[in-house]
Amino acid sequence: NLLRKKVYSGINILGLSIGLACSFFILLWVIDETGYDKFHANGDRLYQAFRHMTAGGQTYTMKSQPRGIADEMKVEFPEVEETVITFFDQEFVVTNGENNYREKGGFVGETFFKMFSFPFIHGDADTALKGLTSAVITERTARKMFGDNWRKAVGRTITIDHKKDFTITGVVRDVPENSSIQFDVLLPVEEWFAREERFGEWWFMAYGVYARLKEGTSLEEFNAKFSDIFNRHADADNHEIFLQPYEDIYLHSFYRDGELAGGRIEYVRILTGVAIFILLIACINFMNLTTARSSQRAKEIGVRKVIGAEKQSLMAQFITESVGMSLVAFLLACGLVATLLPVFNHLTGKNFTPGNVDGTFILIIVGIALMVGIVSGSYPALYLSSL
């Protein structure tokens, strides 16, 4: 049938393949977005501190915290297993010999690698950030600065911002792209606090504070006890501190007047709806084209029924044809996706390659192709077998 009706088959397969390719691109983006920050061990117990500040009848929500939140949280609340303070979004000039490199990074507490899963290639995660002159760099940065000798980077000295020498105490694997925390160079946050006394005061609110709670801790009950910690220590009355699950923050981080009002999850929902809509259009087009040809297949169906074919066997035949056509369209769609992936990466700012597509995505798109074949073939099968 496909070979005898080349124009019809081509239109149907092309329509399905374009619909599937568009949906696959959207699904690829959605899976990447929903997978952000999900790779940390004990990620379900990691939280970040947020702050509501009320002024002029309006409530503003911020991530920035003073140093004292991290220090006092662990002392006052037994539910807190570990805390860390961070000061990211820094850009360092890193000097190695006569070469200068501009690298992104920040200052973090020495417990940073106990809480977040950034695997070490060289060095010890427990001690890498102790002292005021230690530094941890990524594999990419080590290769850039030391070339073939990058594996011997630990123990070497680098200069930060032409001011102070630091000793490399660890090399970690490159930070995954689906991580909210991005860095190339990390320095001890205690070195930052040692620069000026005001950096550690309660009213110097510039840091990210993270906590890992003990298993079984109720977040709602903890936040009720935790909310006034800033007011008590800073002699204020218009601040409310609370924890939000770290794995949720990337998608759910937009607050309006003190209430969580969405975030990037809105884009995920909208584009998921678009993908479903595109698939429905592709299925409806397939049904229309198939039923429009019913008069041309009436003789075939009549002959089959005369020689004993039952309605169920005819339905099975037409659904099988539909699924077969859908699988051909699926293969063509995969080719389109592979060909247009660089354009898609440029459009979305992602870095997908055919090699880094995981098994979950493949299983889902094969399932979608089968589902489209069955759904789009069900009505024509019922209609044609009833002639």
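Trainee: Let's start with Lys350: buried or exposed?

Mentor: Keep in mind that this is a predicted model. Burial is read from relative accessible area, with under 20% as the cut-off for buried. Lys350 has 13%, so it is buried.

Trainee: Which side chain does Lys350 meet in a salt bridge?

Mentor: The general idea is that side chains of opposite charge can pair when their charged atoms come close. Here the partner of Lys350 is Glu33, at 2.5 Å from N to O. The two sit in distant parts of the chain, 317 residues apart: Lys350 is in the loop between helices H11 and H12, and Glu33 is in helix H1. Glu33 is buried too, because its relative accessibility is 1%.

Trainee: How many salt bridges are there by this rule?

Mentor: The count comes to 21. Take Lys74 and Glu82, whose closest N and O atoms are 2.7 Å apart. Lys74 is partly exposed at 38%, while Glu82 is buried at 10%.

Trainee: And what about Arg102 and Glu91?

Mentor: Their side chains form a salt bridge at 3.6 Å, N to O. Arg102 belongs to strand S4 and Glu91 to strand S3, so this pair ties together parts 11 residues apart in sequence. Arg102 counts as exposed at 58%, and Glu91 as partly exposed at 47%. Look also for shared partners: Asp32, Glu33, Arg264 and Lys350 are joined into one network by such salt bridges.

Trainee: Now helices. Which residues of H4 are buried?

Mentor: In H4, residues 139-146, they are Glu139, Thr141, Ala142, Met145 and Phe146. To read a helix, check where such residues point around the axis. These cover an arc of only 160 degrees, which puts them on the same side of H4.

Trainee: What does Gln48 contact beyond its neighbours within four places in sequence?

Mentor: Gln48 is in strand S1 and is buried at 5% relative accessibility. Its contacts include Lys63, Tyr210, Phe242 and Ile249.

Trainee: Last one, the surface. Which residues make the nonpolar patch?

Mentor: Leu327, Ile362, Val366 and Leu370 make it, covering about 280 Å². Helix H12 supplies the largest share, three residues. Val366 lies in H12, and it counts as partly exposed because its relative accessibility is 31%.

Key
Residues are numbered from 1 along each chain as its sequence is written. This is a predicted model: local features need pLDDT of at least 70, side-chain atom pairs count only at pLDDT 80 or more; totals for chains, interfaces and linings use all residues. Side-chain values use heavy atoms; hydrogens and water are left out. Patches are made of residues with over 30% relative accessible area and no salt bridge: like charges are joined within 9 Å, nonpolar side chains (Val, Leu, Ile, Met, Phe, Trp, Tyr) within 5 Å. Accessible areas come from the Shrake-Rupley method with a 1.4 Å probe; for residues, only the protein chains shown count as cover. A salt bridge is a side-chain nitrogen of Lys or Arg within 4 Å of a carboxyl oxygen of Asp or Glu. Helices (H or I, at least four residues) and strands (E, at least two) are DSSP runs, numbered from the N terminus. Buried means under 20% relative accessible area, exposed over 50%, partly exposed in between (1.4 Å probe, protein chains only). The arc is that of the directions from the helix axis to the C-beta atoms. Contact means heavy atoms within 4.5 Å.
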